[in-house]
Amino acid sequence: MEKQSLDRMYMRRCLELAANGMGNVAPNPMVGAVIVHNNKIIAEGYHAEFGKDHAERLAINSVKNSELLKESTLYVSLEPCSHFGKTPPCANLIVESGIKRVVVATRDPNPKVQGRGIDLMKNAGIEVDEGVLEAEATELNRRFFVYHKKKRPYVILKWAQTLDGYIDAVRKPSDPIAPIWVTNEMSRKVVHRWRSEEQGIVIGTNTVAKDNPRLNVRSWSGRSPYRVVLDRKLRLPSSMNVYDGSVPTLVFVGNNSSAASKRQVFASIPGLELLTVDFARGVEDQVLTELYERGIISIIIEGGAMLIGSFVKKNYWDEARVFVGNKFFGDGVKAPELSGEFYSYDEIGDSKLFTYRNKLSKG
């Protein structure tokens, strides 16, 4: 097999390994590494958890006979880091190991790296080849790339609508505070898996008031994301499920007297922070900036129509996941409208899932 084909084959394995870190490594990227000696894989590694060893370090340290490294090629799905963070820089370790060739899928967009890792290795005499499966590597870490290039979290819109285009039925004051399900149970499990993969989940006042959701991960294994609630007047009672103190929660409120009078009650809830923003000038930029500064690289906006519509109008979205359930409402709250590029289609039982991407997203 020719060198180019071999490089793609081993890099594909790097990407497979890297994907194992989904939901556990943010705000770091997912990275996989493979060490090849005489066309045989002798070591592998992937970044499994934020704060723990990176893929390159795990792979290099697992080689029992370190002399083999001097005759080996290291494949890595993202440029090795060149700075001290939670762990020492991987580029330095690669130089020290004696590895003579490194194949990198794509450069790291983090301003602390951005080619410095590659330059460090090249200056040490290592042969570095770049761009092998670059598109695939960028796609895998699209949240990380958007976060660093656009200085905001990667924004995923998610909603479920009926066959006739409604996301909610007409609600009477006497109706119970609970969700009106549009999709099947299997689809709801998929949503819980998605929650485990992102760092934050954003919701508006009306949806909390009508559905009283918990916004955590229950039907899947994984950590629950930050709950982000937009409640201008702080009118939601502290007894709502999103304020149960079980998950870190950020509540964005307006600078008004009605909110000020209730602050003391919310201050006693564990893990809850109240953040004041100017709702009069729109909250999208303010929310995204605050989340960016907190290192939250991706969020799901779960509704409702008004909140999703505001992010669509500002063009602050990157991906939309739209369920279509096998139901008709006849009347109710119309589903949001967006103009995006169709990406994929799936069927989950009697529900359909359409995914769109925004190639012109703002940031």
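Visitor: In which strand is the place of Leu250?
Guide: This is a predicted model, and the placement is taken from it. The place of Leu250 is in strand β10.

Visitor: Is Leu250 buried or exposed?
Guide: A residue counts as buried when its relative accessible area is under 20%. For Leu250 that area is 0%, so Leu250 is buried.

Visitor: What distance separates the C-alpha atoms of Leu250 and Phe342?
Guide: Leu250 and Phe342 are 92 residues apart along the chain.

Visitor: How many helices and strands does the protein chain have?
Guide: Strand β10, where Leu250 sits, is one of the strands. The protein chain has 16 strands, along with helices numbering twelve.

Visitor: Why does the protein chain count as being as compact as a globular protein of its length?
Guide: For 363 residues the globule rule gives 21 Å. The protein chain is close to that value, so it is as compact as a globular protein of that length, with a radius of gyration of 23 Å.

Visitor: What does the C-alpha trace span along its principal axes, and what share of the residues is buried?
Guide: The C-alpha trace of the protein chain spans about 75 × 45 × 35 Å along its principal axes. Of the 363 residues, the share that counts as buried is 52%.

Visitor: Which residues form a positive surface patch?
Guide: One member is Lys233, found in the loop between β9 (226–230) and β10 (249–254). Lys233 is exposed, because its relative accessible area is 51% and exposed means over 50%. The patch is formed by Arg232, Lys233, Arg235 and Lys262.

Visitor: How many salt bridges does a search of the whole structure find?
Guide: Side chains of opposite charge can pair when their charged atoms come close. A search of the whole structure finds salt bridges numbering 29.

Visitor: How far apart are the closest N and O atoms in the salt bridge of Lys122 with Glu130?
Guide: Lys122 is partly exposed, with a relative accessible area of 39%. Glu130 is partly exposed as well, at 35%. The cut-off for a salt bridge is within 4 Å, and the closest N and O atoms of Lys122 and Glu130 are apart by 3.9 Å.

Visitor: In which helix do Glu197 and Arg193 both lie?
Guide: The side chains of Glu197 and Arg193 meet in a salt bridge of 3.4 Å, N to O. Glu197 counts as buried because its relative accessibility is 19%, whereas Arg193 is partly exposed at 31%. The two residues are four apart, about one turn of the helix, and both lie in α7.

Visitor: Are Arg321 and Glu319 buried or exposed?
Guide: Arg321 forms a salt bridge with Glu319, and the closest N and O atoms are 2.9 Å apart. As for their cover, Arg321 and Glu319 are both buried.

Visitor: Which residues are linked in a network of salt bridges?
Guide: The pairs above were taken one at a time, but salt bridges can also be listed as a network here. The residues linked in this network are Lys3, Asp7, Arg101, Glu127 and Asp129.

Visitor: Which residues does a cis peptide bond join?
Guide: Most residues other than glycine have a negative phi, and most peptide bonds are trans. Here a cis bond has an omega of about 10 degrees, and Pro27, in the loop between α1 (3–18) and β1 (32–37), takes part. The joined residues are Ala26 and Pro27.

Visitor: Where does Asn212 lie, and what is its phi?
Guide: Asn212 lies in the loop between α8 (205–211) and β9. With a relative accessible area of 22%, Asn212 is partly exposed. Although Asn212 is not a glycine, its phi is positive, at about 50 degrees.

Visitor: Is Leu215 buried or exposed?
Guide: Leu215 also lies in the loop between α8 and β9. Leu215 is not a glycine, yet has a positive phi of about 55 degrees. Its relative accessibility is 1%, so Leu215 counts as buried.

Terms used: Residues numbered from 1 in each chain as written. Predicted model: local features only at pLDDT ≥ 70, side-chain atom pairs only at ≥ 80, totals over all residues. Heavy atoms only, no water. Patch = residues over 30% accessible without salt bridge, like charges linked within 9 Å, V, L, I, M, F, W, Y side chains within 5 Å. Areas by Shrake-Rupley, 256 points an atom, 1.4 Å probe, with all protein chains shown as cover. Lys, Arg positive; Asp, Glu negative; His and termini not counted. Charge placed at Lys NZ, Arg CZ, Asp CG, Glu CD. Buried < 20%, exposed > 50% of the residue type's maximum accessible area, 1.4 Å probe, protein only. Rg over C-alpha atoms; globule rule 2.2 N^0.38 Å.
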